[in-house]
Amino acid sequence: MAIYLDNAATTWPKPESVYREVDNTLRFGGANPGRGGHQLALAASRLVFDAREAVAELFGVRNEDRVAFTSSATEAINVALFGILRPGDRVVTSSMEHNAVARPLRVLQDRGVQVIKVSADRRGFVDPAAIREACSEKTRMVVLSHCSNVTGTLQPIEAIGPWLRREGILFLVDAAQSAGIFSIDVEAMGIDLLAAPGHKGLLGPQGTGFLYAREGLNPVPLIYGGTGGNSQSDLPPEQMPERLESGTLNTPGLAGLKAGIDFIRKEGIAAIRARETELLEHLLCALRGIPEVELYGPLEPHLHGGAVSFNLAGRDPAEVGFLLDHEHGILCRVGLHCAPDAHRTIGTFPRGTVRVSPGYFNTLDEIEHLVAAVAALAAHPPA
């Protein structure tokens, strides 16, 4: 059986409870939430409420109504950026961002928003002092990924957010690679806007995600339409979360998302992180022992999320990924990982890297199989 090491893209497998809840909702509770008074519609509404409450509890959100469900972290980021920024606003971000941040900011730049990129170091770290310096001019928002999807570099947002809060600068955090793996408290960390997907560290299905917007922030909707309430008006509702939730929500997906969060709470984020750290420590140490391997990002597991990028000397990463898949049954990802600026930062543009990303359900035996496969490829270069 293949060894899945692409958890930075989508975690797999999921907890059994996630499969069960998605199936159960599709079979026995497939009505529209908020779109009727009959028992199935009410049950669907209760499910959405429970999922929203679970998200709020996990991230320290005091009012669950400030959590709006989306189809992905990408949609959530777009809602936050296009819903708040206006021509003339100034935004500070970093050179380690995913295209989910970089591309909407590029479009907004063309519309008159000033975008300042703070360069990270070769390990992918963004210095909080550099963020503060970049904000010396009047700044509307800082946008940062909590954890890099290329190098796994964990940014010290807890040293950035409270300072931004004191300065009156909005803080949008892309938690695509950290939600469910690291503890995040939006109040303690000074986070005004938090975007996360359901299908990665939260262990839910694809097609789910959320945006948290603190009290007083009401982004202009990205999508307009029916919300199940105020049907007599052709204007969108003012209140959250309905303001940002036009159209039918992915109820089966949200049932799975809640099941994923319930699993995380039962296991404990600390235990999940400890398990993944053990795998990372073994992987990083073993790969460092192969002379032909060049590793990127931090080598200390406590500074590292789940993504590990490497290259083999003289080998194209696409070739290495192909051989790992077809000769060794190891599933990983190669290339630029939708983050070209991050690869420019670490010196791997335009070839990219081989990225492996262990998850909670991987084993040490699987990591050892990967290391043996990489060592075999290094020992037998193409003629």
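Tutor: Let's start with terms: strands are DSSP runs of E with at least two residues, and helices are DSSP runs of H or I with at least four, both numbered from the N terminus. This is a predicted model, where local features need pLDDT of at least 70, side-chain atom pairs count only at pLDDT 80 or more, and totals for chains, interfaces and linings use all residues. Residues are numbered from 1 along each chain as its sequence is written, and side-chain values use heavy atoms, leaving out hydrogens and water.

Student: Is Q177 buried or exposed?

Tutor: Q177 sits in the loop between strand 6 and strand 7 (193-197). Buried means under 20% relative accessible area and exposed over 50%, with partly exposed in between (1.4 Å probe, protein chains only). Because its relative accessible area is 11%, Q177 is buried.

Student: Which residue's backbone oxygen does the side chain of Q177 reach at 2.9 Å?

Tutor: Contact means heavy atoms within 4.5 Å. Leaving aside residues up to four places away in sequence, Q177 touches A8, C147, S148, N149 and K200. The backbone oxygen reached at 2.9 Å belongs to A8.

Student: Which residues of helix 4 are buried?

Tutor: Helix 4 (residues 99-110) has twelve residues. Cover for its buried residues includes helix 3 (73-84), strand 5 (141-145) and helix 10 (340-346). The buried residues are N99, A100, V101, A102, P104, L105 and L108.

Student: Which residue just after helix 4 takes a positive phi?

Tutor: Helix 4 spans residues 99-110. Just after helix 4, a positive phi of about 105° is found at G112.

Notes:
The expected span of a helix is 1.5 Å times one less than its number of residues. A polar contact is a pair of N or O atoms within 3.5 Å; within protein, one must be able to donate a hydrogen and the other to accept it, and residues adjacent in sequence count only if both atoms are side-chain atoms.
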